[in-house]
Amino acid sequence: MLLAVLAVLAGSAAADEPVLHPSARLLVDSPEWLLPGRCVRYEEGGSGWVMTEPVYYLQGTVLEAAVSTRRTPVCPEVPGKQPGQYSRAEFVRLAAAQPCIAPGRPVRDEQFGLVRLRVTDWETPHARRAENVGRLYRGLFLDQPLRQGAEIELEADQLVPCAG
């Protein structure tokens with residue numbers, strides 16, 4: 001009986017602990033490539049075996065990398081539409097909330113590995129079909145215009161070291 005009570009109490013204590021997201025684990029396990037001054041890239045595209053899609057990217061210099069605890073939000077929904085049917089504004093709202101929890105599930109605290117970077121270079125798609133496919137589109141990162149020196153925050157597991 002005592003073991004059952006202890007197990008329930010331990011389970012509820014563990015439920016109160018923030019969930020460690022993969023981006024936080026990356027910062028804990030391999031922080032050296034995310035030190036201030038390092039060059040990193042966020043990439044989209046590049047899929048396909050025969051006809052490979054172009055790779056679009058955002059490149060920058062790490063300003064700061066840290067593990068932060070945040071409440072994971074509920075994913076925004078657009079009634080009557082699947083994500084592939086979203087407008088750019090609807091897609092941006094969903095992408096900005098990521099990672100998020102499906103409606104009806106309890107929100108929780110999670111630990112994320114966040115990297116703030118200064119933009120140095122980018123290449124974004126301009127084709128209309130890319131409107132609700134990725135965070136990069138027509139010179140924007142989500143709804144933020146890209147320019148030299150702009151600061152953007154991304155999760156560590158969305159970044160790769162610059163080549164060379």
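These notebook entries record what I looked up in a predicted model of one protein.

**Entry 1. Ground rules**

I number residues from 1 along each chain as its sequence is written, and my side-chain values use heavy atoms, with hydrogens and water left out.

**Entry 2. Overall build**

I looked up the secondary structure and found 3 helices and 9 strands. Helices (H or I, at least four residues) and strands (E, at least two) are DSSP runs, numbered from the N terminus. Along the sequence I read the order α-β-α-β-β-α-β-β-β-β-β-β. I then checked burial, where buried means under 20% relative accessible area, exposed over 50%, and partly exposed in between (1.4 Å probe, protein chains only). Of the 164 residues, 34% count as buried.

**Entry 3. Disulfides**

How many disulfides does a search of the whole structure find? I recorded 2, taking a disulfide as a pair of cysteine sulfur atoms within 2.5 Å.

Cys39 and Cys162 form a disulfide with their sulfur atoms 1.9 Å apart. The angle about the S-S bond is -70°, and I noted the link of Cys39 and Cys162 as left-handed. Cys39 belongs to strand β2 (residues 39-45) and Cys162 to the segment after β9 (159-161), so this pair ties together parts 123 residues apart in sequence. Cys39 is partly exposed at 30% relative accessible area, whereas Cys162 is buried at 18%.

Cys75 is joined to Cys100 by a disulfide, S to S 1.9 Å. Here the angle about the S-S bond is 100°, and the link of Cys75 and Cys100 is right-handed. Cys75 lies in the loop between β3 (55-72) and α3 (88-97), and Cys100 in the loop between α3 and β4 (108-123), so the bond ties together parts 25 residues apart in sequence. Cys75 is buried at 17% relative accessible area, and Cys100 is buried at 16%.

With the bonded cysteines numbered in sequence order, I wrote the pairing as 1-4, 2-3.

**Entry 4. Rings**

I found 1 aromatic pair. Rings of Phe, Tyr and Trp (its six-membered ring) pair if their centres lie within 6.5 Å; planes under 30 degrees apart count as stacked, over 60 as edge-to-face and the rest as tilted. The partners are Tyr42 and Phe141, edge-to-face, at 5.8 Å centre to centre and with 85° between the planes. The pair links distant parts of the chain, with Tyr42 in strand β2 and Phe141 in strand β6 (residues 140-141), 99 residues apart. Tyr42 is buried at 8% relative accessibility, and Phe141 is buried at 4%.

I also noted the charged end of Arg41 over the ring of Tyr57, 4.0 Å from its centre. A charge sits over a ring if NZ of Lys or CZ of Arg is within 6 Å of the ring centre and within 35 degrees of the ring normal.

**Entry 5. Pockets**

I searched a 1 Å grid over the protein atoms alone, a pocket being an open set of points where a 1.4 Å probe fits, with protein on both sides within 12 Å along at least five of seven lines; lining residues have an atom within 4 Å of a point.

The largest pocket has a volume of about 380 Å³, a volume being the space filled by probe spheres set on the points, which are joined across faces, edges and corners. Its lining comprises 20 residues, and Arg70, Ala96, Gln98, Arg135 and Glu153 lie nearest the centre. Elements giving two or more residues to this lining are β3, α3, β4 and β8 (151-155). Strand β8 supplies the largest share, 4 residues. By class I recorded 11 nonpolar, 3 polar and 6 charged residues for the largest pocket. Ala, Val, Leu, Ile, Met, Phe, Trp, Tyr, Cys and Pro count as nonpolar, Asp, Glu, Lys and Arg as charged, and the others, Gly among them, as polar.

The second largest pocket holds about 280 Å³ and is lined by 13 residues, with Glu53, Tyr56, Arg129, Ala130 and Val133 nearest its centre.

**Entry 6. Backbone**

Gln98 and Pro99 are joined by a cis peptide bond, omega about -10°; Pro99 is in the loop between α3 and β4. Arg138, not a glycine, has a positive phi of about 45° and is partly exposed at 40% relative accessible area. Leu142, also not a glycine, has a positive phi of about 55° and is buried at 11%.

Technical notes: This is a predicted model: local features need pLDDT of at least 70, side-chain atom pairs count only at pLDDT 80 or more; totals for chains, interfaces and linings use all residues.
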